[in-house]
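Work through the exercises below with the sequence and the 3D view side by side. Try each task before you read its solution.

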Amino acid sequence: MQIPFVYGPDDLRLCEVEPPRAGPRDVVLRVAAAGICGSDLGYVAAGGVAGPAATPFPLGHELSGTVVETGVEVGSVAVGDRVILNPLINLVGNGGPEGGFAERLLVRDVASRPASLLRLPDNVSLDAGAIAEPLAVGVHA
């Protein structure tokens, strides 16, 4: 699968990555919807979260999806759960090793950080769930 990586200032490339597998403490999501955040555009312009990064990193942190795999130590979510990602707890798409503009996304160490993924109520669509993080930023401001 291909996902966008920031290589330097204004240098964004699609790169092939292997589909993720959950370790004992991890979760794999099938991403349903992902938003392009203003910070994503800033990361591309700057070449990194705080300027040019030493290594390329993937983008995408405003997202929702369905759990497709869980590690044996994960008890907070189950296969089939519809969830949103809390990118402040799990650095997906913010300079970490995974990016949310992927078909499948590895969310690391959910076993010890269960608030990394929050279940969506049945009456909230996956599209609406993807804007929960920017809504939370606005409410906080």
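**Exercise 1.** Are Tyr-43 and Phe-57 buried or exposed?

*Solution.* Tyr-43 is buried, and Phe-57 is buried too. Buried means under 20% relative accessible area, exposed over 50%, partly exposed in between (1.4 Å probe, protein chains only).

Two notes on the source. This is a predicted model: local features need pLDDT of at least 70, side-chain atom pairs count only at pLDDT 80 or more, and totals for chains, interfaces and linings use all residues. Residues are numbered from 1 along each chain as its sequence is written, and side-chain values use heavy atoms, with hydrogens and water left out.

**Exercise 2.** Find how many aromatic pairs the whole structure holds, and describe what you find.

*Solution.* Step one: a search of the whole structure finds 1 aromatic pair. Rings of Phe, Tyr and Trp (its six-membered ring) pair if their centres lie within 6.5 Å; planes under 30 degrees apart count as stacked, over 60 as edge-to-face and the rest as tilted. Step two: Tyr-43 and Phe-57 are edge-to-face, 6.1 Å centre to centre with 65° between the planes. Step three: Tyr-43 lies in helix α1 and Phe-57 in strand β4, so the pair ties together parts 14 residues apart in sequence. Helices (H or I, at least four residues) and strands (E, at least two) are DSSP runs, numbered from the N terminus.

**Exercise 3.** Which strands pair with β1?

*Solution.* Two strands pair if DSSP finds at least two bridges between them. First, β1 and β2 pair in the antiparallel sense over 6 bridges. Next, 2 bridges join β1 to β4, also antiparallel. There, Val-6 has Phe-57 as its bridge partner.
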